[in-house]
Amino acid sequence: MRINFICMGQKMPSWVQQGYQEYAKRLPSQCELNLIEIPLTRRGKNVDIPRIQQDEGKRMLAQIGHDSFILALDGRGKTWDTPKLSQQLNHWMQNYTQVALLVGGPEGLAPECLQQAQQKWSLSALTLPHPLVRVVVAEQIYRAWTLLNNHPYHRA
């Protein structure tokens, strides 16, 4: 299975790239994590936020494979503890060849992305900076995989 981690924004600080890569490279090919970065639309003084969100949403949806399970990161989604995320990961691995995991821009995901999502996941009730989300998601997916495979990484 391949998880296409589709994120708005590019040119992340080196600590984000290093942190993300540290966990993504640990995952086996049966659970590949593939980062797809989409450039943010430039925001100016009198910006039309709904139009920008719609444009960014279209570009995100264009990156999704036709047979993908769509998962949106959204503050209104379900929160999972590590065992529950591990169960979710197992379900995705058993039932899908591709999962599209969507992370929106500064204003969040476009309504079109949320409508197409088959599932919504909230990392926390806290608002997290988008660069940190990349590292946290990569680590948590790796942790969930280790739990499924009785790897000693997860010791909770």
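The model is predicted, so local features need pLDDT of at least 70 and side-chain atom pairs count only at pLDDT 80 or more, while totals for chains, interfaces and linings use all residues. Residues are numbered from 1 along each chain as its sequence is written, and side-chain values use heavy atoms, with hydrogens and water left out.

In soluble globular proteins, nonpolar side chains tend to be buried together. A nonpolar core is here a set of buried Ala, Val, Leu, Ile, Met, Phe, Trp, Tyr and Cys residues joined through side-chain atoms within 4.5 Å. Buried means under 20% relative accessible area, exposed over 50%, and partly exposed in between (1.4 Å probe, protein chains only). The largest nonpolar core holds 28 residues, and Ile3, Leu33, Trp92 and Leu101 have the most contacts inside it. Two or more residues come from each of β1 (2–8), α1 (14–24), β3, α3, β4 and α5, with α5 giving the most, seven residues. Helices (H or I, at least four residues) and strands (E, at least two) are DSSP runs, numbered from the N terminus. Apart from this core lies another, of 16 residues, including Ile6, Met60, Ala100 and Leu102.

Trp92 also belongs to an aromatic cluster with Phe69, Trp80, Tyr96 and Trp121. Leaving aside residues up to four places away in sequence, Trp92 touches Met1, Phe69, Leu71, Trp80, Leu85, Val99 and Gln119, a contact being heavy atoms within 4.5 Å.

The whole structure contains eight aromatic pairs. Rings of Phe, Tyr and Trp (its six-membered ring) pair if their centres lie within 6.5 Å; planes under 30 degrees apart count as stacked, over 60 as edge-to-face and the rest as tilted. One of the pairs, Phe69 with Tyr96, is tilted, at 4.7 Å centre to centre and 35° between the planes. This pair links distant parts of the chain, 27 residues apart: Phe69 lies in strand β3 (residues 69–78), and Tyr96 in the loop between α3 (82–95) and β4 (98–103). Phe69 is buried at 7% relative accessibility, whereas Tyr96 is partly exposed at 25%. Tyr142 and Trp145 form a stacked pair, with 6.3 Å between centres and 25° between planes. These two residues are about one helical turn apart, because they are three residues apart in helix α5 (residues 130–148).

The structure holds zero disulfides, a disulfide being a pair of cysteine sulfur atoms within 2.5 Å. For Cys31, the nearest cysteine sulfur, that of Cys7, is 16 Å away. The sulfur of Cys113 is 12 Å from its closest cysteine sulfur, in Cys7, and is therefore too far for a bond.
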